[in-house]
Amino acid sequence: MAIRLWHAPSAKPKKKEAPALARTSACTPRGLGKAGGASLGGGIAIDFAAAYPEAVERMVMIDPQAFIDGAPTLGPLGFLGIQVLSSWPLRSMANQMAYFDKEKYATDDAIRIGRLHVELDTWSEASLNYLNSGGYTLSPLVSQVRVPTLLLWGEQDEILNGEENVPRFVEEIRGPVQAEWIAECGHVPHLEQPRRTAELIAAFLEG
């Protein structure tokens, strides 16, 4: 079973319900699967593995975010803040931070792709609801991950500091952790160094 996880959640759910993938896992031949994600998607994978350990046998995380808890509330002027978050200048700055080879990857087309979700009619309201809900708290869940985990990190990640995060993940995850640094790479190894990333993931899953 493959679990595809996105980078950003929308509004915080009112109550926790078993995702369809958790229910589907019971129908797979062994009832177990591989969970994975990049950036905040890696954090969501941690949340899933902690909530449904019976559904996960291995984890793959790429520059995951799990140690920045909560979110600032924006109050009555929140929609103005949301407009700033969706603005081209802010997205351009994030785009520059995301890559090692900025000339090749931090392009205007990359910004356009990165802004596709903000064009949705529901994005502003969902983002405001998410921020005002208090955001996402993941750090207490890391120690609940008890399966073999592949942790990939771009050596030149300017968004999340690998030198701070990698040792903490290795210490807190309760299953065996294989940590791999991806050279000449920023926050998105699967885009910037896809061959090396794919080789490491394939070898881990086959091992």
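The legends below describe close-up views of a predicted model.

Residues are numbered from 1 along each chain as its sequence is written.

**View 1. The open sheet has 4 strands in the order β1-β2-β3-β4.** The pairing is parallel; two strands count as paired if DSSP finds at least two bridges between them. Strands (E, at least two residues) and helices (H or I, at least four residues) are DSSP runs, numbered from the N terminus. β1 (33-38) and β4 (177-182) each have a single partner strand, so one side of each edge strand is left without a neighbour in the sheet. From one strand to the next, the twist averages 15 degrees. Angles run from 0 to 180 degrees between N-to-C directions, and axes are lines fitted to C-alpha atoms, for helices over the stretch in contact.

**View 2. Strand β3 (residues 149-154) pairs with β4.** The two strands are joined in the parallel sense over 6 bridges. Leu151 stands opposite Ala179 in β4.

**View 3. Helices α8 and α10 are shown against the sheet.** Helix α8 (residues 162-172) lies across β2 (56-62), β3 and β4, and runs at about 165 degrees to β4. Helix α10 (residues 194-206) touches β1, β2, β3 and β4, where contact means heavy atoms within 4.5 Å. The direction of α10 makes about 165 degrees with that of β2.

**View 4. A salt bridge joins Lys102 and Glu158.** A salt bridge is a side-chain nitrogen of Lys or Arg within 4 Å of a carboxyl oxygen of Asp or Glu; the whole structure has 5. The closest N and O atoms of Lys102 and Glu158 are 2.9 Å apart. This pair links distant parts of the chain, 56 residues apart: Lys102 is in helix α5 (residues 102-105) and Glu158 in the loop between β3 and α8. Lys102 is partly exposed at 27% relative accessible area, and Glu158 is partly exposed at 43%. Buried means under 20% relative accessible area, exposed over 50%, and partly exposed in between (1.4 Å probe, protein chains only).

**View 5. Asp109 forms a salt bridge with Arg112.** Their closest N and O atoms are 2.8 Å apart. Both residues lie in helix α6 (residues 108-114), 3 residues apart, about one turn of the helix. Arg112 is partly exposed, at 44% relative accessibility.

**View 6. Arg115 forms a salt bridge with Glu119.** The closest N and O atoms are 3.3 Å apart. Arg115 is buried at 17% relative accessibility, whereas Glu119 is exposed at 53%.

Key
This is a predicted model: local features need pLDDT of at least 70, side-chain atom pairs count only at pLDDT 80 or more; totals for chains, interfaces and linings use all residues. Side-chain values use heavy atoms; hydrogens and water are left out.
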